Amino acid sequence: MRIEFAPLNTAVTGASVIAAVAFEGGALSAEAQALDAQTGGALARAVAAGRFTGGKGQTVELLAPSGVEAGRLLLVGAGAAPGDAENLAAQAYKAVSASGAKELVIRTGGDAEAAAKAAFGASLAAYRFDRYRTTEKAEKKPSIEVVKIETADVAAAQKAFEPLSALADAVIFSRDLVSEPANILHPEEFAARVKGLEKLGLTVEILGEAEMSKLGMGSLLGVGQGSRRESQLVVVQWKGGGDAQPVAFVGKGVCFDTGGISLKPADGMEDMKWDMGGAAAVAGLMHVLAGRKAKVNAVGILGLVENMPDGNAQRPGDVVTSMSGQTIEVINTDAEGRLVLADALWYCQDRFKPQFMVDLATLTGAIIIALGNDYAGLFSNNDELSANLLAAGEAENELLWRMPLPAAYEKQIESPIADMKNVGGRPAGSATAALFLQKYVNGLPWAHLDIAGVAWKKPSTNPTIPDGGVGFGVRLLNRMVADKYEG
Ligand code: BES
Ligand code: MN
Ligand code: ZN
């Protein structure tokens, strides 16, 4: 699917759909009124013939209308507000994507900024992960080949779309990583795909097991030790901020989480291919920062492993020594994400001395029990960083909810034989996981986003998000960097 900007009232054919907006109560926008007049009032009659009230998410279609060339007219409900162009365009695309029409013309006024947002919404809505579907029937496949967004100023819309187009590419890159099955996307393949981003101007270093072993990363390496696939630590740098201190992002990249010797039940285990959603978000963030040449220095660290049961796998009760020197009693090999992040966080602060670190991880089932699938959990030692993250999440509709980090709960992860153990029991399971991570932060401003509930949607109710990998975090972090940390 291509995106184009077109002048107002652009020419259409019988294979076109023209989409326009209506508001709560059924009131037609100026563009919809003009279409209604051209069709001799058929659009208003179509509204009256059904239950369309202009509510958010509603659509009504008029087929083969007389008086216009287009094969269809589509009204999209905006609710009470003037409507957000991103979601309206996404809604329009979803409504007709497999209708047989080849072209969708979005006729929503002339504003170039709104047109750019509409283009962004349509780009995200058109995403699907279908590379392994070889026998899908033609009539089930998307038919729309081009989305034309009308605007009074094509050049200005194109300009405004540049950073959003970079963002859409990055979100899609992240979604592909999340959706890939684990036989394809193992740590080395993940690292290779990120290495491919050097073409955007990023610097990408890949550390293998020998190098990590030299650095003393016994905690991360213990997790991957039962896998035939080599663990990788990927260090991505974007240098767009002169000599400013970098901002840093760290992602959990467990390419598959069987639980290890503390094996998970079979039912639903296939979901654990997306246990690398945190690393995918960090990779996507670095992609967009480079894509739009952000004026910031940023570091992305990806801890990539596969957690497998094996003759060489680590055992419950094993004690590992992390890069920080702190020792960990591994009570449950399924609490592996924190073991990966322990070394990735320590390495990050030790090497880069960043302004702050934000880590993203599909860390705990407990966060899904606490917050469900619409909010990620935010744990932080810093109010300013938290406020910035919360605001960016609101703005991009990637919602966060701040959770407590009570020092008193550290008792739950005390070990009688090591500096800590890797599980803290059922009470506040997400908080004790975050408290564990905090021991590897070394005093920096830090935030941890537990994205276990939001990295994957099935089904999705948001037209800009497909069923499957969301790419959660890319938009949020990009927004926070753009609003707060670019010089
Ligand atoms: N990757 C899982 C967490 C998870 C669960 C993500 C469900 C997405 C959906 C993590 O590695 C894990 O297994 N956590 C355990 C921790 C427990 C053993 C302390 C959990 O949440 O059960
Ligand atoms: Mn696990
Ligand atoms: Zn996991």
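**Close-up 1. Helix H14 in the predicted model, residues 474-485.** H14 has 12 residues. At 1.5 Å a residue, the helix should span 16 Å. Its end C-alpha atoms are 15 Å apart, which agrees with that expectation. Which residues of H14 are buried? They are Val474, Arg475, Leu476, Leu477, Asn478, Met480, Val481 and Tyr485. An α-helix has 3.6 residues a turn, so residues three or four places apart point the same way.

**Close-up 2. Protein donors of the zinc ion (ligand 3).** Four residues supply them: Lys252 through NZ, Asp257 and Asp275 through OD, and Glu336 through OE. These donors lie 1.9 to 2.4 Å from the zinc ion. Around the metal, 6 donor atoms subtend angles of 78 to 173°, which makes the arrangement octahedral. Ideal angles for six octahedral donors are 90 or 180 degrees. Along the chain, the zinc donors follow the spacing K-x4-D-x17-D-x60-E. Lys252 sits in strand S9 (residues 247-257), and Glu336 in the loop between strand S12 (327-330) and helix H10 (337-352). This pair links distant parts of the chain, 84 residues apart. Lys252 is buried, with a relative accessible area of 2%. Glu336 is buried as well, at 1%.

**Close-up 3. The bridge between the two metals.** Which residue bridges the manganese ion (ligand 2) and the zinc ion (ligand 3)? Asp257 does. The two ions lie 3.2 Å apart. Asp257 is buried, and so is Glu336.

**Close-up 4. Pro142 and its contacts.** Pro142 is found in the loop between helix H4 (112-125) and strand S6 (146-150). Its relative accessible area is 35%, so Pro142 counts as partly exposed. Beyond its neighbours within four places in sequence, Pro142 is in contact with Tyr93, Ser97, Ala98 and Arg128. Asp343 lies 201 residues from Pro142 in sequence. In space, the two are 44 Å apart, C-alpha to C-alpha.

Notes. Residues are numbered from 1 along each chain as its sequence is written. Chains are lettered from A and ligands numbered from 1 in the order in which they are written. This is a predicted model: local features need pLDDT of at least 70, side-chain atom pairs count only at pLDDT 80 or more; totals for chains, interfaces and linings use all residues. Side-chain values use heavy atoms; hydrogens and water are left out. Helices (H or I, at least four residues) and strands (E, at least two) are DSSP runs, numbered from the N terminus. The expected span of a helix is 1.5 Å times one less than its number of residues. Buried means under 20% relative accessible area, exposed over 50%, partly exposed in between (1.4 Å probe, protein chains only). Donors are N, O and S atoms within 2.8 Å of the metal (3.2 Å for Na, K and Ca); water is not among the atoms, so sites may look incomplete. Four donors count as tetrahedral if all angles lie between 85 and 135 degrees; four count as square planar and six as octahedral if opposite donors are over 155 degrees apart and all others between 65 and 115; anything else is irregular. Contact means heavy atoms within 4.5 Å.
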